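The following exercises are to be worked with the sequence and the coordinates at hand. Each task is followed by a stepwise solution.

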Amino acid sequence: MMVYHGSLEIVAHPAILRPNRRLDYGEGFYTTTSEKQAKEWVERRMFEQYANAGYINVYEFDDTAMPSLKTLIFPEPSREWAEFVLENRTKRNFTHDYDLVYGPVANDRVYLQFGLYESGVISIETLNRELKTYKLVDQYLFHTEKALANLKFIASKKILK
C-alpha cells in the first residue's frame, strides 16, 4: 500500500520524533493514504515557515505485517476515537503502547466540535454524531521502530510555492 508524508524536507529514513505540539495519536511518524492531504499539509507548512519548497514523501507500507503489530484501528469517527484523540491532545505526558494507530484526521472543523464538547456545550453522543457527517481523510501513525520497519521509501515529489 502506498502512503504519503508531507514535509519541508525529503524524509528517506523516517524516524519516531517527539513533536513540539500535541497530535491526534501521539508521537511518531505520520502518513496518509491521501496524496492530496499530504500536499495540503506541505503547502500549509510552507506558508507557516515561509518556505519556498516542500516534499511529498512516498512510501510503500507492507500492511501484511499488521497482524504482527499491536494496532489500534478506527475505521471511522467514534466515541472511542474522539476520546483517544482528546487524551493525546490534552493530557500532559499521555502515551500509549501501540505500534501503529490508524484512523481519521481530526481537522480544524473537528476541533471546533471537540471544543464544544470539552466546554460542555455538546455531549459525547452529539460529538460522535456530528463527526460522522464529515468526510475525513485517514492517517497512519507509526509509533514504534517495529512499525517503521515496514515502510520503504520510494520517492519524494517536490512542491514549489
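**Exercise 1.** Identify which elements cover the buried residues of helix H1, and describe the helix itself.

*Solution.* The model is a predicted one. Step 1: the elements covering the buried residues of H1 include S1, S3 and S7. Step 2: those buried residues are Gln37, Ala38, Val42 and Met46. Step 3: H1 comprises 15 residues, 35-49, and spans 21 Å from its first C-alpha to its last, close to the 21 Å expected at 1.5 Å a residue. Step 4: tyrosine 50 follows H1 and has a positive phi, near 55°.

**Exercise 2.** Determine the strand order of the open sheet of 3 strands, and state which strands stand at its edges.

*Solution.* Step 1: the order is S1-S3-S7, and the pairing is antiparallel. Step 2: strand S1 (2-7) and strand S7 (151-160) each have a single partner strand, so they stand at the edges, with one side of each left without a neighbour in the sheet. Step 3: on average, neighbouring strands of this sheet are turned by 25° against each other, direction ignored. Step 4: strand S3 (residues 53-61) pairs with S7 over 9 bridges in the antiparallel sense; tyrosine 59 has phenylalanine 153 in S7 as its bridge partner.

**Exercise 3.** Decide whether histidine 96 is buried or exposed, and describe its surroundings.

*Solution.* Step 1: histidine 96 is located in the loop between helix H2 (79-90) and strand S5 (100-104). Step 2: buried means under 20% relative accessible area; histidine 96 has 12% relative accessibility and therefore counts as buried. Step 3: residues up to four places away in sequence aside, histidine 96 touches Tyr25, Phe84, Asn88, Val101, Leu141 and His143. Step 4: the histidine 96 side chain reaches the backbone oxygen of tyrosine 25 at 2.8 Å.

Definitions and conventions. Residues numbered from 1 in each chain as written. Predicted model: local features only at pLDDT ≥ 70, side-chain atom pairs only at ≥ 80, totals over all residues. Heavy atoms only, no water. Pairing = 2+ DSSP bridges. Helix = DSSP H or I, 4+ residues; strand = E, 2+ residues; numbered from the N terminus. Axes fitted to C-alpha atoms, helices over the stretch in contact; angles between N-to-C directions. Buried < 20%, exposed > 50% of the residue type's maximum accessible area, 1.4 Å probe, protein only. Polar contact = N/O pair within 3.5 Å; in protein donor to acceptor, adjacent residues only side chain to side chain. Contact = heavy atoms within 4.5 Å. Expected span 1.5 Å × (residues − 1).
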